Amino acid sequence: MMNTTGKVYLVGAGPGSIDYLTVRALQLLSQAEVLIYDALVDPQLLELVSSNCLKLDVGKRGGQSSTPQAEIDRLLVEYCQTGQQIVRLKSGDPFIFGRAAAEIEALVTAGCPFEVIPGISSALAAATLAGIPLTDPVMSRCFAVTTAHEPELVNWEGLASIGTLVFLMGGQQLSEIVKQLVRHGRSPHTPIAIVRWAGTAKQQVWTATLETVVAQTDGLSLSPAAIVVGEVVGWREYLQPNQERGALAKRDEVRSEERERYKRAEGAKRLPTPDSPLPTPDSPLLGKTVLVTRSLGQSSQFCDRLVEMGATAIEMPALEIGAPSSWMGLDNAIAQLSDFDWLVLTSTNGVDYFFERLLAKGKDPRALAGVKIAVVGQKTAQSLQQRYLQPDFIPPDFVADSLIETFPESLAGKKVLFPRVETGGREVLVKQFTAKGADVVEVPAYESRCPQSIAPEALEALQSHKVDIITFASSKTVRNFCQLIAPYNNINLDGVCIASIGPQTSKDCRTHLGRVDIEAEEYTLDGLLQAIISYQLPVSSDRQPTTNNQ
């Protein structure tokens, strides 16, 4: 007799990478007829199901539109009652902040069979993958895990007395976590680690103390993250591969002396991290202060490189990236992807927002089968490759101006999808495509705006004339920088070196700032760094405050 009742498997996907998926979970994915998955699930896992499997994205992410829990419950029951095998794929472990109880209650009420498959929780994996033991016979004999999603509901007094703490969903609550722990007795010098995208190729780790972490990570995007607080964080340096304990002790001694010299660098100023090489007397940028104007949360790696070269790096976000005013255009294009011959992506933001929206509409990269992809820029290509896709065309010199000149095929009659910034984008590029006979569909995928104010540390450095170099990585950052400093008559840029990533940005520097001193030969951040190192900066600067010289 045919079984008309399906079964729901609530499966833990682990912290991220397919490497940490259980064998049982792998088996169930290969047999799934319906896959209902969370937002943080690795896209690789979606490739493990059969081509006939129905995939439904019901992920929840902070600050974004989410599928209501009642709707998820309804979908599980509805598909189970059709007699199909359902995999409800949850990041981490289903029973650790996974809302599995509500889903099981709905299944039990409807008489639907179910089974729970454990997964490795990021609460455990993030610390391990960062080289941090959650327990130690001396430093910490126990640990606690909590969510910081609703800090007002947390028992801070009880938590503060526990040796090691792990906070999930706390990226946007970092300052509140620090405030409450210090308020309830934890020392400001307590070590803390933030592990972002644990278990994936994008994993990042920041280490600091409760006293310094908020300033150190100001302006950075930390979610999704696991936050570890406790003395065990200090073990991280000793537990890195291929390190000798004696060498580490000597390195720590040297770093202690170096940090005394860098104490004046606070807030947005970037210091050497425990994992970065220390500056030496012959470091090419030693003693120089570099103001980095980029998108909020996107200057971290570039700043780290500057610090490695001996500079003090100060971040001044001059762009805020967010969703467009409407998704209608992009959603319509995604619904008709098979009609396009080419997809053109000119920035990492374009890549990120396009693919996030693709997943939000219940599709994945396989929807691009038959569509060729052209990208502008090395970073854009890398961002695409992180999604396991290879661009079909990258113009030479990494610039959009050479895209049309070197395009690999005739554009006559080709339909081109161009997801771009909502305002202030590449109108010239569209005109060039159209002139070659292409049918270009422009759709807003994201928006970039000028921040409302200057970061306090950046403002203080500009007003006190401590800045030696200002870097600009796009025309918009130039225009927004000038807009931000316009109200301050005591900001003088005489003697400040203006560094540009490429010709278009240099053009705006000359228009709005009157000059450009450095232009990268290779139009990338690495190229910009090399140009700054090669440029002969004056030994010292005795700038006096005059007037704003826009």
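Is aspartate 352 buried, partly exposed or exposed, and what is its relative accessible area? Aspartate 352 is partly exposed, with a relative accessible area of 23%, where buried means under 20%, exposed over 50% and partly exposed in between, computed with a 1.4 Å probe and protein chains only.

**Before you start**

The model is predicted, so that local features need a pLDDT of at least 70 and side-chain atom pairs count only at pLDDT 80 or more, while totals for chains, interfaces and linings use all residues. Residues are numbered from 1 along each chain as its sequence is written, and side-chain values use heavy atoms, with hydrogens and water left out.

**The whole chain**

Show the whole protein chain, which has 18 helices and 21 strands; these are DSSP runs numbered from the N terminus, with helices (H or I) of at least four residues and strands (E) of at least two. Of its 550 residues, 50% count as buried. Colour the chain by pLDDT, the predictor's confidence in each residue from 0 to 100: the mean is 83, and 85% of the residues reach 70 or more. Over residues 243–268 the pLDDT is below 50, although this stretch has 43 contacts in the model beyond near neighbours in sequence, a contact being heavy atoms within 4.5 Å.

**Helix α12 and its partners**

Return to aspartate 352 and select arginine 387 with it; the two form a salt bridge whose closest N and O atoms are 3.1 Å apart, the term standing for a side-chain nitrogen of Lys or Arg within 4 Å of a carboxyl oxygen of Asp or Glu. Arginine 387 lies in the loop between α13 and β17 and aspartate 352 in helix α12, so the pair ties together parts that are 35 residues apart in sequence. Leaving aside neighbours within four places in sequence, arginine 357 is in contact with Trp327, Leu330, Asp331 and Ile334.

**Salt bridges elsewhere**

The structure holds 22 salt bridges. Select arginine 88 and aspartate 38, whose side chains meet in one of them at 3.0 Å, N to O. Arginine 88 is in strand β4 and aspartate 38 in the loop between β2 (34–37) and α2 (43–46), 50 residues apart, and both are buried.

**An aromatic cluster**

Next, select Trp342, Phe393, Phe407 and Phe433, which form one aromatic cluster. Rings of Phe, Tyr and Trp (its six-membered ring) pair if their centres lie within 6.5 Å, and planes under 30 degrees apart count as stacked, over 60 as edge-to-face and the rest as tilted. A search of the whole structure finds seven aromatic pairs, and the pair of phenylalanine 407 and phenylalanine 433 is edge-to-face, at 5.7 Å centre to centre with 85° between the planes. Both phenylalanine 407 and phenylalanine 433 are buried.

**A nonpolar patch**

Finally, turn to the surface and select Ile96, Phe97, Leu124, Phe143, Val145 and Met169, a nonpolar patch with about 490 Å² of accessible area together. Isoleucine 96 lies in the loop between β4 (85–90) and α4 (100–110) and, at 35% relative accessibility, counts as partly exposed.

Methods. Patch = residues over 30% accessible without salt bridge, like charges linked within 9 Å, V, L, I, M, F, W, Y side chains within 5 Å. Areas by Shrake-Rupley, 256 points an atom, 1.4 Å probe, with all protein chains shown as cover.
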